Amino acid sequence: MREVRVRDTMSGELCLLDPDREVGIYACGPTVYSRIHIGNARPFVIFSLLAGFLRSEGYQARLAINVTDINDKIYTAAAEAGVGSETLAAEMTAAYFEDTGRLGIGRPDAEPLATETIGPIVELIETLVEDGHAYESGGDVYFSVRSFDGYGKLSHRPTEEMEQGEDDAGSLKRDRLDFALWKGQKAGEDSAWDSPWGPGRPGWHIECSAMAEAELGELPFAIHGGGSDLVFPHHENELAQSEAARGRALAKIWMHNGMIETDAAKMSKSDGNIFQLSEALDRFGPEAVVSYLISGHYRQPLAFGEEQLNEAVARVDRLRNFLRSREDTGQSLDAAGGTVAGAALEDFRDALADDFNTPMAMSIAFDLVRRANQEDVPGAGAALLEMLDLVGLGSLAMADVEEPEPEALELLGDREAARADRDFARADEIRDRLAELGWEVRDSTEGATLVPRQER
RNA sequence: GGCGCCUUGGCGGAGUGGCUACGCAGCGGCCUGCAAAGCCGUUUACACCGGUUCGACUCCGGUAGGCGCCUCCA
């Protein structure tokens with residue numbers, strides 16, 4: 001078990017994870033009012049892979065990624081589309097599960113929905129009201145920011161300079177800093193839940209406090225994550241609510257991923273410069289999308305463009321070709337302990353243990369590939385496959401599960417015969433024919449083989 | 001204006017006080033009947049100006065430019 005460190009947004013320090021306790025990770029998932037874009041996939045991938053890596057190191061990890069399916073934007077989008085808000089939310093939740101499922105990196109341990117956590121949400125608000133950290137006003141309930149001393153410590157902002165823009169129209173707040181925990185049902189809103197303050201729905205931040213607690217147990221859990229655009233106000237408010245209600249920190253470490261950018265500007269639904277995850281998967285394939293998402297350090301912004309995805313395709317092809325050339329991908333690495341391959345794997349894991357440095361890790365993987373293509377490196381295939389499993393690319397080893405059909409094999413034999421006769425025109429003709437059937441011919445000193453052409 | 005971050009070779013993107021990550025693309029070779037795959041080489045990059053240091057791309061200060069949040073947002 002390695003010492004694993006992660007950068008904490010609040011302190012700015014690298015923090016060691018406690019190996020003796022469950023590593024509870026809560027990452028903020030999407031608000032389901034439309035299909036998710038590739039930027040939304042970044043935290044899903046990062047936190048899923050992190051949890052998997054921790055498990056592989058022997059940690060007890062539990063990952064929860066929520067779905068926010070109650071939100072102003074959902075009402076607005078549903079009204080525009082002429083469907084019920086609950087219908088839209090259900091459709092988009094299903095689409096989110098489908099799109100992220102296609103990434104091929106598994107699912108989080110828990111994926112709570114706000115609509116299924118209403119009870120705990122109401123209880124949490126009641127606690128805050130009882131303790132004087134929240135107050136009811138005209139069917140709404142607001143959190144009293146000034147009742148909580150530490151407000152602003154996560155996003156490093158002086159309290160005096162800020163305000164919560166949300167809900168200003170109603171102006172039922174006592175203080176401009178306060179934010180809504182519960183919103184009474186308004187005209188035109190087609191869904192509502194019962195509460196001690198009348199029918200309504202949770203505000204934006206409270207659902208995460210409640211879901212995190214429900215899924216990960218006693219506070220504080222180890223890591224709270226999400227996009228860096230959530231630091232303020234979303235996470236600042238979550239932190240305040242939970243800490244005010246429980247008298248304990250919500251999370252030990254706050255871990256935020258950088259934004260995906262097009263032309264040096266953040267990809268954002270509201271700006272319209274988005275590229276949907278489903279389209280990226282359709283056009284470039286899941287491995288390339290994952291490879292792209294781990295190509296930069298998670299905290300940094302990552303440039304997005306067709307060129308970047310095409311590069312990812314090329315990277316993944318190189319890895320796939322290498323695995324294809326190895327006979328040892330199925331064997332255990334134990335036989336190669338202490339070797340070049342074993343050392344590379346150790347380095348790879350070290351990189352991940354150091355603030356989850358995936359680009360550093362991948363450079364080690366590519367280094368191994370080159371060395372093993374140059375000379376005999378026992379266990380290189382097994383080592384690489386183990387590396388790739390850790391970053392969600394293990395499926396690259398399964399590229400050739402389909403055997404060529406008899407027709408293709410017959411053509412390959414014909415081509416070999418043509419080559420033996422030095423009838424290269426015919427040989428090339430057959431190669432083109434095989435390409436049409438979906439096979440690429442690779443000649444080598446041991447003879448010709450067929451590999452599936454990568455289509456996407 | 002406040003808080004934070006960034007500026008690396010054609011592109012993407014790591015990293016370190018002294019040993020030219022890695023990937024992609026281009027170019028030139030090797031291999032091949034030709035390709036593909038693979039290998040080798042490739043014009044020696046760290047915004048600018050000072051400072052610290054035996055030595056800085058890496059530390060400190062400043063300048064310029066860019067980005068994020070401060071309003072919904074992964």
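Modeller: A charge sits over a ring if NZ of Lys or CZ of Arg is within 6 Å of the ring centre and within 35 degrees of the ring normal. This model is predicted. In it, R174 has its charged end over the ring of Y135, 3.9 Å from the centre. K269 does likewise over the ring of Y33, at 4.6 Å from the centre.

Now the RNA. Around RNA strand B there are 65 residues. The closest are W204, G227, L230, R315 and Q374.

Some contacts can be named. A phosphate oxygen of RNA strand B lies 2.7 Å from a backbone N or O atom of H297. Bases take part too. One base nitrogen is 2.8 Å from a polar backbone atom of G39. A base nitrogen is also 2.7 Å from a side-chain N or O atom of D428.

Last, the ring pairs. The count is 9 aromatic pairs. One of them joins Y292 and F304 edge-to-face, 5.9 Å centre to centre, with 75 degrees between the planes. Y292 is in helix α8, while F304 is in the loop between β13 and α9, 12 residues apart. Y292 counts as buried because its relative accessibility is 1%. F304 counts as buried at 10%. Ring pairs also link F44, Y96 and F97 into a cluster.

Methods: Residues numbered from 1 in each chain as written. Chains lettered and ligands numbered in written order. Predicted model: local features only at pLDDT ≥ 70, side-chain atom pairs only at ≥ 80, totals over all residues. Heavy atoms only, no water. Phe/Tyr/Trp six-rings, centres within 6.5 Å; stacked < 30°, edge-to-face > 60°. Helix = DSSP H or I, 4+ residues; strand = E, 2+ residues; numbered from the N terminus. Buried < 20%, exposed > 50% of the residue type's maximum accessible area, 1.4 Å probe, protein only. Near = heavy atom within 4 Å. Polar contact = N/O pair within 3.5 Å; in protein donor to acceptor, adjacent residues only side chain to side chain.
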